[in-house]
Structure formats: C-alpha cells, structure tokens
Amino acid sequence: MRATQPAIPFTVARLFQKFVVLVLAVVPFLLVFAISFGEKIEGAAWVWSFELSNYKRFFVGADYPNSVSFLYLKYLWYSIYYALIASILAVATAFPFVYLMTRLSRRVQTIWLVFFLCSLTFSEVFIVMGWDILMSNRSGLPMLFKESGLTDWLKQTGGLDIMRDWGLATPRNVRFKPSEFATILTMTYLVWPYAVILLYPPVSKINNEIIEAARTMGARPATVVRTVVLPMVRTPIVGTILLLFVFLLGAYVTVAVFAEPAKHTLSISVYEAVRGATLNAPFGSAQAVILLLTAAAILFFGRRFVSHPEGR
Amino acid sequence: MARLLSCTFMGFIAIWIAFPILVVCLAALNGGRTMFFPPEAPTFDRFTEFFLTEEIWVRSLRNSLIVAVGSAALAVLAAWPIAYGLWRRADWASKLLAGLASMPFALPPIVFGVGLVFFWGYAGALGNLWSGIVSHAILFLALPLTTLSIGLQSIDRAHLDAAATMGANEATTFRTIILPQMLPFTASGFFFALVLSFNEFIVVFFVSASGYSTVTVQIFNSLRNGFTPTMAVGAITFITVSALIFSLIARFGNLPQLLGADSRKPS
C-alpha cells in the first residue's frame with residue numbers, strides 16, 4: 001500500500017514516545033540487575049560496585065565459609081513450592097470447567113466470562129480478606145466445624161491429632177491459618193479465574209465435529225478425552241501452568257497473611273530488604289534477580305518439556 | 001445424567017468463586033468494629049464512613065481513581081503508536097518494541113516494583129502521585145496493546161485497498177476507516193487497564209512510599225490492626241466497578257473475541 005511520508009515533527013514525536021516507553025519498561029529491570037552487584041555500607045546506604053557477595057549470601061549465607069546458612073534458599077524453595085502446587089491445582093480443576101463452558105451458547109459464555117473477569121481483577125487484598133474471614137476462629141470454617149459437631153467428633157476419634165500434624169489444629173480446636181493449607185488454597189483461588197481466561201481461547205477452538213466423529217466410531221467419553229481432547233490442548237495446558245506459576249512466584253499479600261513466618265517466601269524478604277526493616281537494596285535486588293532467573297528457567301524447561309507435538 | 005452432572009459441577013464452581021467475594025461484601029454490613037460472618041447488627045453506617053466521613057478512606061479512594069484513570073489513559077496513548085507500527089510494518093524492530101513494552105506485565109510484578117523504586121529514586125520522583133500513574137501505565141501497557149492489535153487484525157484489508165485506490169493518503173485512511181472501527185477496542189483496552197490499575201497492589205505499595213496511598217495499599221497497611229467492616233465497603237465498591245465495566249465491554253464489544261476465542265462467528 002502506498003503511504004505518503006508524514007511530517008518530520010510528527011515522526012520525531014513518535015520516535016520520542018517509543019523511546020520513553022522503552023526506557024520506562026526496560027531500565028527498571030536493568031537497575032535491579034546492576035544494583036544486585038552493589039555493596040551495602042554498614043549503617044548507611046549502599047554504593048555501586050561489582051561483587052558477588054550478595055549472591056554468595058543468598059546461596060550459602062553471609063558468614064561463609066565460617067558457617068553456612070540456607071535461609072534464603074529455603075525462602076526460594078517455599079516460593080516455588082506454593083506457586084507450583086497452586087498453579088497445577090488451578091489448571092487441573094479449571095480445565096474441565098472451561099471445556100463445559102465453551103460448549104454453552106455464546107451469550108451464556110459471555111456472562112460466565114464477565115463473572116470471571118470480575119473475580120480476576122478483584123484485588124489480592126480483598127481476596128485475602130475474604131478467606132481470612134472464612135478461616136477465622138469466630139466465624140467461617142472453624143465455627144462451621146464446631147456447630148456441626150465435627151470438631152467434637154474429630155476430638156473423639158483422634159482426627160484432631162492428625163490435623164495437628166498437618167498444622168491445621170491446636171490441641172482444642174481446628175485452626176486453618178496460618179498454614180500451608182491456607183496459603184495454597186488462597187493462591188489457587190487467586191489464579192483460578194486466570195486459568196479460565198487463559199484456557200478459554202484454545203479450548204473454545206476444540207472442534208465439536210471431531211469429538212462427535214470419535215463418539216460415532218464407538219469411543220467412550222473417557223477415551224475421547226484421553227486420545228482426542230487432551231493431545232489437542234497439551235501445549236496450552238502446560239503454557240497456562242507456567243504463566244500462573246510465574247505470576248504466583250511474586251505473590252505477596254497471601255504469603256504475608258497466611259504463611260507462618262518460618263515458611264515465608266522470597267517476595268517477602270525482597271520487600272523487607274528494599275523497602276522494609278532490613279534496608280539492604282543490593283541484597284534485595286540480588287534476590288529479585290534470582291526470582292526472575294527461576295521464572296525464566298522454569299519457563300524454558302517447561303517449553304522444552306512440551307516440545308510441540310503438532311510440529312508447529 | 002451427564003448434563004445434570006455438568007450443571008452441578010458448574011454450579012459448584014460458581015459458588016467457589018463467588019463465596020469469598022460475597023463474604024467480604026456482606027461483612028460491610030457489620031454494626032460493630034469486628035468482621036463477623038454472617039454480619040451482626042446490620043447497618044449501612046460503614047458506607048457513609050467510607051465515602052464521606054473518614055478522611056483516610058476518602059483520600060485513598062480519590063488517589064485510586066486518579067491513578068487508575070490517569071494510567072489507563074496514558075497506557076492507551078502509549079500503546080496506539082506501538083500497535084499501529086506493529087500492524088503496518090510488522091518488522092523486527094516493532095516486534096521487539098512490543099515485546100519489551102509487554103515485559104513488565106509478563107514478569108512477576110514484585111521485580112518491576114523493586115526496579116521502579118530505584119528508577120524513581122534516581123529521578124527524584126519516588127512517592128509522587130504522577131510517578132505512580134506512569135508506573136501503572138507502563139505495567140498495564142500490554143493490555144491496550146493486545147486489544148488494539150486484535151482490533152487492527154480484524155480490519156478488512158479490502159477497505160484499505162479501496163481507500164488507497166480512491167486516492168486517500170495514510171492520514172485520511174486512518175481517520176475515516178481505521179479509527180471508527182477501532183473505537184470499541186480502544187475503549188476496552190482503556191477499561192481493562194483501568195480496572196486492573198484500580199485493583200493493583202504490589203507496585204503501588206513499592207512506589208507510593210509514604211507519599212500517598214491508594215485503597216488497596218491503605219487496606220494492607222491497616223491490616224496490622226485487623227480487618228474492619230469499613231474496608232469491606234471498599235470491596236463492594238471495587239467489585240461493583242469491575243462488574244459494571246466488564247458488563248459494558250461485553251454489551252458493546254465482543255468479549256469472546258477480545259479474549260482470543262474464535263472471532264469469525266458473530267455473537
């Protein structure tokens with residue numbers, strides 16, 4: 001198509017606009033990377049430098065080789081652990097739902113989508129608030145357990161002791177927070193609508209005729225799902241799990257409210273180092289870089305794992 | 001039988017998603033200072049507190065609105081040239097630019113938040129309201145970028161060729177053919193960014209410092225003293241705004257298409 005050249009000032013303005021966007025989107029990440037090599041001055045701020053001491057502190061502790069501490073590796077482990085379980089749980093339960101939803105009429109689908117977009121955008125602070133009420137002792141689940149006699153029953157049968165081993169009870173009552181259970185449950189809830197929205201396009205493209213053809217040829221529903229539907233959506237399913245995982249790696253409010261301090265994640269200690277009590281910007285940056293690298297590594301291996309069976 | 005089973009499953013999902021939201025919203029009716037569910041001594045006093053009398057909430061709601069509207073408008077303005085260049089030229093430079101511009105949205109927001117603290121620190125703007133607006137505009141740039149790209153791709157090339165044959169230059173074609181067709185997509189991009197910015201927590205938490213606070217930050221900061229029913233009014237406000245905006249997008253735009261479902265079927 002023929003295009004007349006726009007006026008010079010317009011072109012300059014457009015280039016400038018793109019330049020500003022680029023600077024704002026990229027420079028913050030570069031700063032995090034650069035500052036992660038900086039050095040903290042005791043009792044003062046920090047200075048530019050190039051040393052690996054922050055990374056050393058992350059992996060083996062500040063006092064290595066005199067003593068070894070894996071505190072931050074433990075935080076990283078909990079970041080990965082919560083995020084992985086929650087994202088797999090969310091996709092596993094959301095997939096059958098999305099499949100059923102896409103078989104409905106376009107109008108009903110739109111209503112469901114509006115419903116999920118509302119819950120998707122609902123701020124993490126409100127969601128945490130909702131689950132906090134639901135799991136608090138005076139109302140919500142423990143109350144329900146008590147009123148329905150379930151707590152007493154658990155006490156008599158020794159179920160409470162088992163729950164205590166899982167960190168879900170005190171000697172006298174059930175107690176759901178803080179616990180791993182509460183953290184993972186809330187995280188799953190947090191990304192559930194994301195899972196729906198991400199799975200929606202590929203699943204809506206699953207052709208009904210192929211499924212009907214398989215059914216006519218005598219395949220049972222379970223066989224159809226296993227041999228026809230799942231191979232078609234393997235790539236988007238793994239892709240969705242990965243995206244949710246990366247999103248959850250940075251979850252902050254949920255962990256701050258629902259996880260025991262000993263089982264906090266990297267995002268908490270990043271905040272503590274950059275804005276909070278410990279104030280060590282270089283070390284906080286190093287932790288943020290490691291969080292990013294973890295996300296990148298998982299994305300990379302996840303993509304390799306899928307390895308495009310359709311040859312696309 | 002299978003139908004009944006699937007309806008039960010979908011009903012169960014609806015409850016699982018809606019229940020916590022409902023609980024927060026109903027907690028706003030509590031008469032006392034503590035969150036009970038079901039609410040005790042129901043009253044609407046918390047609403048007047050949140051919207052009118054309690055300075056702290058009135059101010060943070062105003063900040064939330066300013067940041068959301070400002071950043072969404074800025075994001076749309078910044079996304080237009082990028083999406084347009086990507087569509088017209090589709091060369092490696094525009095692809096790279098679009099990819100880099102979407103990076104803050106795709107990576108864990110906490111890392112972008114840390115980077116912004118340094119960035120605004122050097123610029124001497126940490127804790128300013130305007131730097132918060134710019135931060136959110138960049139964070140959510142990917143949303144209008146996506147809706148605009150989807151919209152531009154759905155424009156019929158035949159219209160453009162017809163315009164070119166009749167001697168229209170790029171500016172005229174843009175004004176008379178592209179812009180009118182793109183209005184719904186521009187609006188959806190704006191509102192997606194607006195709603196997400198309104199609800200965003202972690203990046204504002206980092207960049208607002210003690211300069212100002214939005215509703216989400218204020219709620220997190222008040223968390224130490226426990227949740228109060230007044231906060232739950234905020235939840236009602238936010239979910240209402242989301243529901244309203246997404247219903248409008250669904251009513252006037254094609255939501256399944258915007259979310260990437262097969263777009264050829266008309267709704």
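Which residues does Leu248(A) touch, not counting residues up to four places away in sequence? Hold that thought for a moment, everyone.

This is a predicted model, where local features need pLDDT of at least 70, side-chain atom pairs count only at pLDDT 80 or more, and totals for chains, interfaces and linings use all residues. Residues are numbered from 1 along each chain as its sequence is written, with chains lettered from A and ligands numbered from 1 in the order written.

Now, the answer: Leu248(A) touches Tyr82(A), Ala83(A), Ala86(A), Ser87(A), Met187(A) and Val191(A), a contact being two C-beta atoms, placed from the backbone, within 7 Å.

Leu248(A) and Val191(A) are also among the residues with the most contacts inside the largest nonpolar core, which has 168 residues. Such a core is a set of buried Ala, Val, Leu, Ile, Met, Phe, Trp, Tyr and Cys residues joined through C-beta atoms within 7 Å; buried means 20 or more other C-beta atoms within 10 Å of a residue's own. Helices here are DSSP runs of H or I, at least four residues, and strands are runs of E, at least two, numbered from the N terminus.

Stepping back, chain A has 14 helices and 2 strands, and 40% of its 312 residues count as buried. Its C-alpha trace spans about 80 × 70 × 35 Å along the principal axes.

Thanks, friends!

Notes
Buried ≥ 20, exposed ≤ 12 C-beta atoms within 10 Å, placed from the backbone.
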